[in-house]
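Have the structure open beside you as you read.

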Amino acid sequence: MRIILKIICLFAGLSCAGHAKAFSVIDTDADSIFVEKVLKQAKSLAKGENKTLFFARKLIGRPYVAHTLEVADPECLVVNTRQLDCTTLVENATALTLCASRGKCRYGDYKKMLLALRYRDGVMAGYASRLHYFSEWIEDNTRRGMVEERQSSQTPFTHVQKIRLGFMSDNPEKYDMLRRHPEMIEEIRRQEQRMEGMERRYIPKTQLYDTPALRKAVADGDIIAITTNKKGLDIAHVGIAVWKRDGLYLLNASMIYKKVVEDSRTLAEYMKGRKTFTGIRVIRIRS
């Protein structure tokens with residue numbers, strides 16, 4: 001289906017009450033049909049059924065495609081439920097969950113929610129306003145009441161991640177927009193520096209086995225952010241938590257399987273052998 005570029009009016013009630021701004025949006029009819037269909041279906045969920053897992057499972061099988069947000073210059077709100085990477089899977093599932101929990105079932109509501117999640121302070125003001133690092137995504141959306149990170153000094157949150165960002169500004173050649181607009185690198189660097197030294201507790205990968213403490217710390221539908229020791233990065237991968245009888249699993253957009261999957265391995269098994277993966281941070285959607 002042909003991708004269309006259109007200008008729509010998004011009312012920024014999620015960030016700037018009483019004001020309206022026009023934004024460019026890239027989407028397809030298939031996106032709007034899918035979103036309204038699943039939001040309508042969610043109205044029939046049994047009380048207590050996990051909305052995030054319901055929406056995330058509707059995306060299983062969709063192809064993994066990287067860089068789906070890097071399709072427009074200047075920056076546009078990209079809606080793409082047909083092709084997903086790990087971050088856009090989580091963003092879509094979160095936006096749908098928040099819409100359903102707030103009784104919003106129109107495609108326009110979903111677009112406003114997606115924009116609010118993806119951009120700093122819920123305002124799209126160019127490429128640099130996008131929340132590129134997931135730690136800042138967590139901080140910004142926590143501050144605005146969308147999500148809440150699980151933090152505790154008790155087991156299994158036994159390790160501390162000290163944030164040191166710099167991958168984007170140190171490797172601008174890896175980003176199409178920064179190659180085309182090197183003047184943006186300094187703004188990205190300033191954003192990295194604002195996060196410098198922030199500390200967050202996480203669960204080390206040695207404690208991801210099925211225990212009462214882990215079941216208490218992580219719930220079905222929580223966002224799992226995999227921490228990394230790779231220089232300049234904070235988070236290597238994200239997905240959605242799924243509990244089964246034998247342990248914790250990850251629903252994610254997988255580079256290995258080239259699609260969205262509910263992995264057949266427990267998260268503990270998934271993390272084995274991945275030397276740059278150090279553990280997980282846990283983020284709960286405030287639905």
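## A strand and its neighbours

S8 is joined to S9 by a hairpin that runs through 2 residues. (Strands here are DSSP runs of E with at least two residues, helices are runs of H or I with at least four, and both are numbered from the N terminus.) Keep in mind that this is a predicted model, where local features need pLDDT of at least 70, side-chain atom pairs count only at pLDDT 80 or more, and totals for chains, interfaces and linings use all residues. Residues are numbered from 1 along each chain as its sequence is written, and side-chain values use heavy atoms, with hydrogens and water left out.

S9 has pairing partners in S8 and S10, and the table puts these two pairings side by side. Two strands pair if DSSP finds at least two bridges between them.

| Pair | Sense | Bridges | Facing residues |
|---|---|---|---|
| S8 (residues 235-244) and S9 | antiparallel | 5 bridges | Ala241 and Leu250 |

How many of S9's residues are buried? The count is 8 of 8, so the strand is mostly covered; buried means under 20% relative accessible area, exposed over 50%, and partly exposed in between, with a 1.4 Å probe and protein chains only.

Now zoom in on Ser254, which lies in S9 (residues 247-254). Ser254 has a relative accessible area of 5%, so it counts as buried. Leaving out residues up to four places away in sequence, Ser254 touches Tyr64, Lys259 and Val261, where contact means heavy atoms within 4.5 Å.

## Stepping back

The protein holds 10 helices and 11 strands. Its radius of gyration, taken over C-alpha atoms, is 18 Å, close to the 19 Å that the globule rule gives for 287 residues, so the protein is as compact as a globular protein of that length. That rule is 2.2 Å times the number of residues to the power 0.38. Along its principal axes, the C-alpha trace spans about 50 × 50 × 35 Å.

Buried residues make up 51% of the 287 residues. Among contacts with a separation of 6 or more, 64% come from residues 24 or more positions apart.
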